[in-house]
Amino acid sequence: MVSRLTKSGLLGDVGGQKTLRTYWKNYFEKTDTLIWVVDATDRQRLEDCRNELAGLLVEEVRLYCYRFRLC
């Protein structure tokens with residue numbers, strides 16, 4: 001992970017390689033903003049990127065519901 005402290009908080013890049021994806025959830029705790037960058041010219045990976053983001057968002061909603069007993 002590459003990280004840098006800015007005036008507004010900590011900025012990090014966890015990378016998108018498949019081998020690193022299992023570790024993403026470790027970095028999202030206490031995260032207020034996620035900037036998801038996709039190389040739109042790499043058409044072969046667009047579907048993969050879409051699925052990964054959807055999976056992360058579903059997991060986040062599930063954890064939020066569990067944390068606040070909403071589900």
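Okay, let's start on helix α2: Arg 62 and Glu 59 sit three residues apart there, so about one helical turn separates them. Helices here are DSSP runs of H or I with at least four residues, strands are runs of E with at least two, and both are numbered from the N terminus. The side chains of those two residues meet in a salt bridge, 2.2 Å from N to O. By salt bridge I mean a side-chain nitrogen of Lys or Arg within 4 Å of a carboxyl oxygen of Asp or Glu.

Quick word on what we're looking at. This is a predicted model, where local features need pLDDT of at least 70 and side-chain atom pairs count only at pLDDT 80 or more, while totals for chains, interfaces and linings use all residues. Residues are numbered from 1 along each chain as its sequence is written, and side-chain values use heavy atoms, with hydrogens and water left out.

Back to our pair: is Arg 62 buried or exposed? Arg 62 counts as exposed because its relative accessibility is 52%. Glu 59, at 28%, is partly exposed. The cut-offs are under 20% relative accessible area for buried, over 50% for exposed, and partly exposed in between, with a 1.4 Å probe and protein chains only.

How many salt bridges does a search of the whole structure find? Two. The other pair I'll show is Glu 47 with Arg 50, whose side chains meet at 2.5 Å, N to O. Both lie in α2 too, three residues apart, again about one turn of the helix. Glu 47 is partly exposed, at 44% relative accessibility.

Now, the second largest pocket. Its volume is about 370 Å³, which is the space filled by probe spheres set on grid points joined across faces, edges and corners. A pocket is an open set of points on a 1 Å grid over the protein atoms alone, where a 1.4 Å probe fits, with protein on both sides within 12 Å along at least five of seven lines; lining residues have an atom within 4 Å of a point. Helix α2 supplies the largest share, six residues.

Last stop: Leu 20, in the loop between β2 (9-13) and α1 (24-28). Leu 20 is partly exposed, at 33% relative accessibility.
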